[in-house]
Amino acid sequence: MHLDFNNMMSDVIGPEHGITEQELKELESLSAKYAKDLKEERARGALPFLELPYDKGMVAEILEAAASFKGKFKNLVIVGIGGSALGNIAIHTALNHPFHNILDDKGRNNFPRIFVLDNVDPERFSGLMSILKPEDTLFNFITKSGTTVETISQFLIITKLLREKLGGRYKEHIVTTTDAEKGTLRAITNREGFKSFVIPSGVGGRYSVLTPVGLFSAAMSGVDIVRLLEGASFMNTACQSFDLWNNPALMSSALYFLSYAKKSKNILIMMPYSSQLSGAADWFCQLWAESLGKRLSLNKEVIHTGSTPVRAVGVVDQHSQLQLYMEGPYDKVVTFWAVKQFKNTFFVPDKDTIDKDISYLSGHSLNYIMSAEFEGTRLALAEQKRPNCTVLLEDISAFSLGKLFYFYELQTVYAGKFFNINTFDQPGVEAGKINALAMLGKSDYAERNKEISIKLQGTIKRYFI
């Protein structure tokens, strides 16, 4: 994996929008301090998600379970939301056949089809449940708290359906992934005897892709989870230096911070030139937004900080979003993910078989066309003084994806230090959850429910047409 940030520097795009070497040098001592602080935090166990690549017991348990389920189910449904879903989607989009669920059993090597229920949309829920046979389906319910409204509501519906269709055997069709001790789902799991996995203590949802949250479904579909964790371990080793110029995660976070704080770039575009990495870009957007979008600093000052992440996909979004990036406000940084080697190659037919005005395409591979589109786009942005950087991946493999996950998790932790915020809470999300729980009638929030009712009634009187 290679980080190219030339097009973010002032000598390429000018000092108004580009970062100077002096600005980076001024961060060197602070960066070194943050790297040392992180090492000390890890030593005392404060950042357990960074140690996941070395948890051999976890891997052994997952592989044993996946082997025991092999061939027994045609479908695996992951029921979770946010960090309990996006990592799963990222892995399957990147590493499985693009049309995995359409392949027959032989084409999937008897691995199950993979579905993710990450919303309570009744039409989507109904649509999926109407095409799945309960006797052919394994359900994996994922919630760290064990009380996530969306997941638990679907859990109650699905388990009722399974009991009606399968009787006492319904328990064989359920796997839970939750806290080791706390939460309603853990209590139910212990009482019913469901097969379950533990989300390690101190690992938040958006940092849980390398726990059973993401690894179980990966193993169930044939992804090499050992290699995935080896990629993460490799990236950990590559990011040990206290020197800003020799630690890619530290440098990347510093570049994003300076772009935001010094150059007013408050939108961060993540644009993989690969449809397979679109899910990983969505995973990144949650990681970045939920970790860094904060009202308060660590000093309890109101700062309302954080750049807004946006997912785009090359070359698709050259035909939808790029116009804005090229000629709209100078408020964006574009990060490209480019792939050096795809698994497949297809060539445009010989020029004698196509019209003259498009004969220039003759002999070119789709791979090279995508590469030309990428190179042309990043050059065009730089020529318009639009900052952009590139993460170049050797290929799309379990090893490369493990590196990518770990790189951005580590980068986000460093960014939180630069922004001086708590990277691991999400009070804004909790406020919305509390309102929903109140409206649903949870007794703990009866007073809040009354307040909401009054406010909604007032809104209707003023604005209803």
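Predicted model: local features only at pLDDT ≥ 70, side-chain atom pairs only at ≥ 80, totals over all residues.
Reader: What makes H304 buried or exposed, and where is its place?

Author: The relative accessible area of H304 is 56%, and as the cut-off for exposed is over 50%, H304 is exposed. Its place is in strand β9 (residues 302–305), and H304 has a positive phi of about 45 degrees although it is not a glycine.

Reader: How do you know that Q318 counts as buried?

Author: Buried means under 20% relative accessible area, and Q318 has 18% relative accessibility, so it counts as buried. The place of Q318 is in the loop between β10 (308–311) and α13 (322–327), and V315 lies in the loop between β10 and α13 as well. A cis peptide bond, with omega of about 5 degrees, joins V315 to G314.

Reader: What makes helix α9 largely enclosed by the rest of the structure?

Author: Helix α9 (residues 212–220) is largely enclosed because 9 of its 9 residues are buried, which means that each falls under 20% relative accessible area. The buried residues include P212, V213, L215, F216 and M220. Just after α9, G222 takes a positive phi of about 95 degrees.

Reader: Which residues have the most contacts inside the largest nonpolar core, and what makes such a set a core?

Author: A nonpolar core is made of buried residues of the nonpolar kinds, joined through side-chain atoms within 4.5 Å. The largest one has 93 residues, and F216, L401 and Y408 have the most contacts inside it. Helix α15 (residues 398–419) gives the most to this core, with 13 residues. Not counting residues up to four places away in sequence, L401 touches A90, I91, A94, L95, L228, L277 and A280. A second, separate core of 20 residues includes F115, L117, F141 and I152. In soluble globular proteins, nonpolar side chains tend to be buried together.

Reader: What is the lining of the largest pocket by class, and which helix supplies the largest share?

Author: By class, this lining has 18 nonpolar, 16 polar and 9 charged residues, and α16 supplies the largest share, 6 residues. The pocket has a volume of about 1,200 Å³, and of the 43 residues that line it, S145, T148, Q426, E430 and K433 are the closest to its centre.

Reader: How many residues line the second largest pocket, and which lie nearest its centre?

Author: The second largest pocket is lined by 18 residues, with P98, Q276, F342, K343 and N344 nearest its centre. About 590 Å³ of space lies in this pocket, and α14 gives the most to its lining, with 3 residues. By class, the lining has 8 nonpolar, 8 polar and 2 charged residues.

Conventions. Residues numbered from 1 in each chain as written. Heavy atoms only, no water. Buried < 20%, exposed > 50% of the residue type's maximum accessible area, 1.4 Å probe, protein only. Helix = DSSP H or I, 4+ residues; strand = E, 2+ residues; numbered from the N terminus. Contact = heavy atoms within 4.5 Å. 1 Å grid on protein atoms, 1.4 Å probe; cavity = no way out; pocket = protein on both sides within 12 Å on 5 of 7 lines; lining within 4 Å. Points joined across faces, edges and corners; volume = space filled by probe spheres on them. Nonpolar A, V, L, I, M, F, W, Y, C, P; charged D, E, K, R; others polar.
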